[in-house]
Amino acid sequence: MTKLLRIVTLLLLAPTGAYCHTPEQPPHQMAVLGDLELEEGGAIPNLRMSYVTHGKLNSTKSNAILFLHDLGGNHHSGDHLIGPGKALDSDKYFIICVDELGNSQTTFEHSTSPTNSGLKMRFPYYKGRDQVNAGYRLVTQALRIPRLLAVTGVSSGADQAVQMAVSHPDFMEAIIPISGGALWTTDGLGFTALALSVLESCSGWLGGNYEANPVKCAADAMMIFVPYFYTREWWEQHIDTAGAYTKWRNTWGAHHFDLQDARDVYYRQIANSRGWVGDTPGFNGWPAALRSIKARALFLASPYDHFVPRQLYEIQVKMIPQGRISWIDSTAGHLVCCDADPSATRAMSEAITAFLKELIAQKKDNN
Amino acid sequence: MPPLLMRTLVSIVLLLADAGFALAHWPGQPNHRMAYLGDFALERGGIINDLKISYVTHGTLSAAKDNAILFMHTFGSNHHQFDHLIGPGRPLDTDKYFVICPDLLGSTQTTFEHSTSPTNSGLKMQFPLYNGRDVVRANHQLVTQVLGIPHLLAATGFARGGIFALQLAVSYPDFVDAIVPISASARVGTTTFFRLQMLLSLIESCEGWQDGNYDVNPKRCIANAMSLLIPYMYTPEYWVQYVDTPEAYTKWRNTMGDYYLDIQDARDVYYLIKSGGHGSLADTPGFGGDIFAALRSIRAKTLFIGNRRDEIIPPDRVEADAGTIPNARVVWIDSVAGHNICCNADPQATRLVGEAIRDFVGELAAREEANR
C-alpha cells in the first residue's frame, strides 16, 4: 500500500497542469508584437505571445528571469520551481513564463501557431532561433526589460536558453539549461523524422489541412519520445504493472499527449530539424558558438539522460567560458527537469538557489 | 535537434556487418528449405492449416545425431540473424555442429518465402491468434519430425528467441542439454507494457492499415512502428561512439532499413505483438502461473549472456532467472550497444558473445564426449 501511494503521489506531482488555472495563479497575458521576420524568409504577421509573470519587477529591472518550456509544454512547465521560497523565488525575482512561438497545446489561447493563426499549412516554417527571437521581443518590447538576470528552460527550452545566450550575448547575466543544451546525438535525426512521418501517414491528417484536429495522431507523434523520458530503472520502480502504466499514460495524456494540435506539433518538429546552436550565423560550428557565450551557465541534468548522454553535457560545459554542471543523480533521467522525482527537484532547486545567490553577490561586487 | 559532429570515424564495414541480411543468399550459404508440418492446433484454439516452417541448416549432422544446435531469431528478424557467429571455426562451428536456423512461425519479413504467417497464408485478419508456446512447439516439430533429431545439444536465441529457448527447456525438459538465452530474461522489463502498445497504436491509426484488411502492405506505417524500437536497441552513448554524423546516421538508417525496419509486413507484425502478449513461461500448463516453478523445472544447463546496460532486459531479472534455474550462470558483457550485443553493433561485444558461446558449447560437447 505504501508503495502504491507513493506511485500515485508521484504521478500527481509529475505533470504541470495545462488546462486549469487556480485562483492564486497569475492570469494569462497576451502581448501583440507586430510582424516577426523569420530567419529563412517569410514573416509571421501580427505575432502574439502569451505568457504569465510571477513576483514583482524591481525598480532597477534587475531581477527578471525568463523561463522557457519544453516541446509540447506551456508556461506551466516550470511551476514546480516557481513560487515564494522556491528556487525561482517569486518573493525575490520577477519570473516570466512564456508560451513559445508555435505552441502546440489546444486547451487555451496561446502564442501564434499554424493552427490558431488560421493559416494552417500556409504558415511559414519557423526554427528554434525564431522562437528565441520571439521570446526576446516579448521581454524587450512588451515588458521593456533590457537585460535579464537569468534565462532558464527545460528540455528544448534549455536548448533555447543556450541559443539565446549565443544570439543575444548581452541580454542576460546567466543561463540555467535544465535537461538540454546545444548538443544532441544523431538519434535526434531519427525521431524528428519519425514524428513527421507518423503525422503524415496518420488517418485524419489530410495533408495537414484537416478541420477537426486528429488528436490521436498528435498523441502518437508526441509519444515517440516516451522511451527517452526516464531510465529503465525508473520504469521498473514506478510503473511495475500494466495498471500503473495505464494510470501514468492517462495522467500524462491529460496534460501533455492528448491535448496537442497535430499541425502545430508538425511545425514544431520541423523547427527541430532546421537549425541549431551550431549553425548560428557568424560562427563556424558549435564550439565557436559556445565559446562566444558571455553569460555564466549552470547546466542541470541527470547523468542518465537518454536524450543527451553525459559526455555531451561535459563537452559543452567545457566550451562555455563560464560554464559548469550540477549533476542530478536520479533514475528519472531526462525528466529530472520536470518533477518526475521530488528528490531530484529538491536537489535541483538547491543548486539553482545557490547559483542565483552567487550571481547576485558577484553583481554587487562588480557594482 | 542537432547531431553532434564529434568524431568522423564512420564504420561502414560495421554497419554492413550489423545483423543478418534478409535480402540475398550468396554462394556458399545454405539453401532455404521449407518444412511442412500439416495442420497445427494452437494452444488457445484455432488451427493453422498446412503449417510451413522455413529454415536453413549449417554443417553436418553427426551419425549419432548429437551435435545439433537450434538458433531462434528475435522480433522481426529471420534465420540470418546469427550468420556472423556461424561457420567453420566460428563460435557455432560448422566443422563441429549442425546448426538449425528456422524462421519462426508468423515470420514478418516481406523479402522471401517464409514460415506461415497471417499474410502469406492469405487469411489476413482471420488468421488465428498464436502464442509463444505455439512458436516453440512448431520448432520442436521441425527438429524432431522433419529433421528426425530426437535431442538437441543446445538451443540458443537472441532476445525474444532467448525467451523461446527458456520456453523450450520448460516445455520439453529432456529435449535439450543446454540453452543459451542472449539479451533475454523470462520476465521482460515493464517498458514492454507501453512499447508494444505504442507500436499497435501507430499501426492502427495509420492510413492504409484498413483494420488489417489491406491488400497493399502499408510499408510506411510498419516502418514507423518498428522505428519505435530503436531507442531500446542501444544505449545513448552508442550514437556518440558509432553514429556520430548526419551522414553516418543516414547510412545506419538505410542499412537498418534494408534488413529490418523497411521490410516488415504490418499485419504479420501486428499478430507478432498480439502473440507476445499471451503465453509466457508462467502460464505453461502444469505450473499454476508460477514463473519460478517453471524456471526451477529446467534441467538444461543454462548460460545467460547479457548486458547490464540493456534497455529492455533488467539485469536483476536475468540474475533472478539464473538463481532459480538449477544449473545456470550469467556472462555479463559491458557495451554501449546495450540490448544489441549480439550482432556487431559493437564488434568487441559481439566477439565476447561469440567466445562465451564457444566456451560453453565446447565444454558441453567435451563433457558429453567424456560421458560416452
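# A tour of chains A and B

Across the interface of chain A and chain B, 2 salt bridges are found, a salt bridge being a side-chain nitrogen of Lys or Arg within 4 Å of a carboxyl oxygen of Asp or Glu. This is a predicted model, in which local features need pLDDT of at least 70 and side-chain atom pairs count only at pLDDT 80 or more, while totals for chains, interfaces and linings use all residues. Residues are numbered from 1 along each chain as its sequence is written, chains are lettered from A and ligands numbered from 1 in the order in which they are written, and side-chain values use heavy atoms, with hydrogens and water left out.

**Stop 1: the interface.** Select A:Glu236 and B:Arg317, which form a salt bridge with their closest N and O atoms 3.2 Å apart. Next, show both chains: 43 residues of chain A are in contact with 42 residues of chain B (contact means heavy atoms within 4.5 Å). The two chains bury about 3,900 Å² between them, 63% of it on carbon and sulfur atoms; buried area is the accessible area (1.4 Å probe) that two parts lose on being put together, summed over both. In chain A, the residues that lose the most area to chain B are A:Thr186, A:Arg232 and A:Glu236, together 17% of what that side buries.

**Stop 2: helix H11 of chain A.** Select residues 310-319 of chain A, which make up helix H11. Helices (H or I, at least four residues) and strands (E, at least two) are DSSP runs, numbered from the N terminus. A:Leu312, A:Tyr313, A:Ile315, A:Gln316 and A:Val317 are buried here, buried meaning under 20% relative accessible area (1.4 Å probe, protein chains only).

**Stop 3: B:Thr74.** Move to the loop between strand E5 (68-72) and strand E6 (86-87) of chain B, where B:Thr74 is placed. Is B:Thr74 buried or exposed? B:Thr74 is buried, because its relative accessible area is 11%. Its side chain reaches the backbone nitrogen of B:Arg160 at 3.4 Å. Leaving out residues up to four places away in sequence, B:Thr74 touches B:Gln81, B:Phe158, B:Ala159, B:Arg160 and B:Gly161.

**Stop 4: chain A as a whole.** Zoom out to chain A, with 12 helices and 12 strands. Its C-alpha atoms fill a box of roughly 60 × 55 × 45 Å along the principal axes. Of the 367 residues of chain A, 62% count as buried.

Technical notes:
Buried < 20%, exposed > 50% of the residue type's maximum accessible area, 1.4 Å probe, protein only. Polar contact = N/O pair within 3.5 Å; in protein donor to acceptor, adjacent residues only side chain to side chain.
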